[in-house]
Amino acid sequence: MADLQRPTLCCCRKVLTVPTKPSEAPRTLGQCHLVDVASASNFHSFRLRHFHLDLNINFALKRMTGWQVLELVPVQPGVQSLILDTHPSLLIHSIDCKVPGASGGPDHFLSLSYRVEPFTDYGSSLNITLPAAAIRPHRAFRVTVRYTTTDGPAIWWLDTELTCGQTRPLVFTQGHSVCNRSFFPCFDTPAVKSTYSATVRVPDGVTVLMSASRSAYSKQDRLFQFSMEYPVPAYLVALVAGDLQHADIGPRSRVWAERCILTCAVSKLGGSVERCLNVAEELFGPYVWGRYDIVFLPPSFPIVAMENPCLTFIISSILESQEFLLIDVIHEIAHGWFGNAVTNATWEEMWLSEGLATYAQRRITTEAYGEALTCLETVFRLDALHRQMRLLGDNNPVSKLQAKFEPGVNPSSLMNLFTYEKGFCFVSYLSQLCGDIKKFDTFLKAYIEQFRFSSVVAQDLLDFFLGFFPELKESCVAKREGLEFERWLNDCGPPLCEPDLSAGGALTGPVQRLCDLWGVEAPDPQAIATFDISAWSTFQTVLFLDRLLDRSPLPQEVMSLLSSCYSALLDEMNAEVRIRWLQIVVRNGFYPDLHRVRSFLHKHTSRMYTVPLYEDLCGGVMKCFAVEVFYQTQARLHPNLRKTLQQILFHTGPANASATDPPLLDTPTEPPTSGAIALRDVNVSA
């Protein structure tokens with residue numbers, strides 16, 4: 001792998017300027033009044049042209065040490081300081097600035113004074129005093145920050161026994177939403193983008209990958225070099241290092257994984273990646289990043305998938321379910337256009353990435369695999385949305401598309417189904433207004449072309465929509481009574497309308513009919529036996545189990561009949577199916593099947609499967625059982641997950657409060673009976 005040519009990636013800048021060439025840097029946001037309450041930085045005062053990371057990875061100490069060089073251009077007069085987002089776990093050693101020499105003399109370096117100040121529980125501010133000699137409006141200068149990472153929330157160290165192959169340790173980063181300030185000092189806001197490069201030194205036998213468009217490796221120096229040619233926001237800079245092997249799965253796609261799971265990953269994906277990329281390009285225009293590679297990470301990966309440009313991160317646990325894997329991959333592919341190419345300018349409008357990506361995912365799925373599958377998956381997700389709505393109530397502000405964050409609120413903590421599914425429903429409504437889905441495809445292609453490599457707010461999207469369809473603007477569709485755009489964005493509650501999903505009736509109909517049979521006081525075993533759920537798809541089965549879960553608690557005689565009909569059959573199915581059945585077992589206190597819960601928790605060590613069951617166990621009368629299983633399995637859990645489970649079991653604090661324990665963005669299922677939002681109520685792919 002002397003020259004690992006990987007795709008270029010980008011995640012864009014605010015709509016003030018769109019580069020006319022890939023190498024042209026995006027323009028500053030200095031004249032924009034955009035406010036990002038999640039960033040302590042003074043990003044309006046500068047244009048970040050480029051930054052470089054030079055890092056040495058030390059697995060023994062679990063630290064990365066090195067430096068960062070930022071190339072900046074002041075865009076406001078009188079700027080005397082540079083304020084970057086950082087984190088208490090990031091140890092700053094020194095900061096200096098390259099200052100032009102007097103009268104054409106040689107440049108020299110000047111040590112800069114700085115101070116680190118508290119900002120929120122998820123970060124700090126790094127205030128650097130700038131020398132007057134170096135700061136001239138619209139003239140570039142460079143600042144070098146020497147630092148060491150410790151135990152910040154962005155960097156996940158896995159000991160050898162926590163990896164899939166257990167051959168050597170592994171480290172990966174997870175920057176979404178505001179974690180990368182513990183990886184490197186930055187303007188940690190999606191409104192700011194720049195190109196970047198990196199040099200990474202590692203021990204012999206370790207492979208390093210980054211979300212970059214170009215890479216090279218020097219075996220003699222054990223040194224990896226990376227370059228990202230398009231501007232990206234801080235949260236999309238990602239790194240993984242470990243014992244990784246690769247296999248090509250298409251002309252522009254490669255799978256990376258530990259050797260023990262590589263064959264499985266390749267067989268599960270087959271030619272689906274290239275197929276979906278081709279469909280997406282037909283719908284939304286060229287895939288600008290070159291390559292689309294995937295790295296499968298151990299079960300300790302805290303979310304299901306992350307759309308890091310050129311290099312999607314996916315948890316290996318999802319390999320059990322080919323259908324869930326396929327949909328997750330398609331969703332991350334869709335982010336190549338919606339989220340990476342055009343990005344929400346603040347975290348308060350996350351739906352601009354997730355809602356549009358979910359819509360695009362379903363358009364790709366429809367074209368590649370048929371409308372029935374798309375409708376089935378959508379019904380399953382909308383069921384989860386309404387489940388979450390019942391839990392939260394119609395007036396909960398987190399259900400707004402334009403969520404307003406109070407200062408200090410971690411954006412990741414408000415990542416929920418509304419950004420995905422309510423956002424999807426709004427985009428679907430815009431499509432319906434056109435009267436022709438193909439016309440809306442054309443609009444989305446033009447939208448990407450117009451705003452590529454920029455970050456946008458909702459008004460940018462809606463203004464462009466009404467400008468693209470002037471007849472709709474003339475008919476005042478934005479103010480149609482009951483469906484006003486303003487209400488879509490700022491009203492609490494469920495979507496104002498939902499798309500027609502009747503095309504999935506052949507798949508969803510049998511599920512509902514079987515649910516109805518189980519919903520009567522005395523279910524008829526003969527009628528139930530006419531339904532062969534072993535022939536159903538995974539999405540049909542989980543939809544059935546989720547709807548049974550909605551009806552809990554169930555009479556014990558019904559639970560006994562359910563167990564006799566399905567327990568042995570479900571044992572042979574994938575984890576997405578089994579966890580739902582086990583949640584039914586736990587919430588109904590059905591002790592005869594409790595051994596299955598034990599076996600499942602002994603096998604599965606990922607957050608997406610452990611936390612929901614522990615929450616349910618502790619929400620009922622089975623807490624002693626949960627504690628027993630925890631002590632039997634804790635040695636195989638990542639320290640962050642172990643801390644979360646201890647908080648659930650022993651009430652040592654909020655389960656998601658730890659600064660080193662980012663919240664899960666996971667596939668939805670039934671909320672816990674305790675009243676808090678279950679981790680599995682939050683959608684999967686970031």
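The model is predicted, so to speak of local features we need pLDDT of at least 70, side-chain atom pairs count only at pLDDT 80 or more, and totals for chains, interfaces and linings use all residues. Residues are numbered from 1 along each chain as its sequence is written, and side-chain values use heavy atoms, with hydrogens and water left out.

**Exercise 1.** Work out where Phe-187 sits and whether it is buried or exposed.

Solution. Start with the chain: Phe-187 is in the loop between β11 (170–173) and β12 (194–201). Strands here are DSSP runs of E with at least two residues, helices are runs of H or I with at least four, and both are numbered from the N terminus. Next, look at accessibility: Phe-187 has a relative accessible area of 2%, so it is buried (buried is under 20%, exposed over 50%, partly exposed in between, with a 1.4 Å probe and protein chains only). Finally, check what it touches: leaving out residues up to four places away in sequence, its contacts include Phe-43, Phe-46, Leu-84 and Ala-234 (contact means heavy atoms within 4.5 Å).

**Exercise 2.** Describe how α16 and α17 meet.

Solution. First find the helices: α16 covers residues 594–603 and α17 covers residues 607–619. Their axes come within 10 Å and cross at roughly 145°. Axes are lines fitted to C-alpha atoms, for helices over the stretch in contact, and angles run from 0 to 180 degrees between N-to-C directions. Then list the residues: Val-597, Phe-600 and Leu-601 of α16 meet a set in α17 that includes Tyr-609 and Leu-613.

**Exercise 3.** How many disulfides does a search of the whole structure find?

Solution. Apply the cut-off, a pair of cysteine sulfur atoms within 2.5 Å. The search finds zero disulfides. As for individual cysteines, Cys-179 is buried at 7% relative accessibility, and Cys-434 is buried at 13%.
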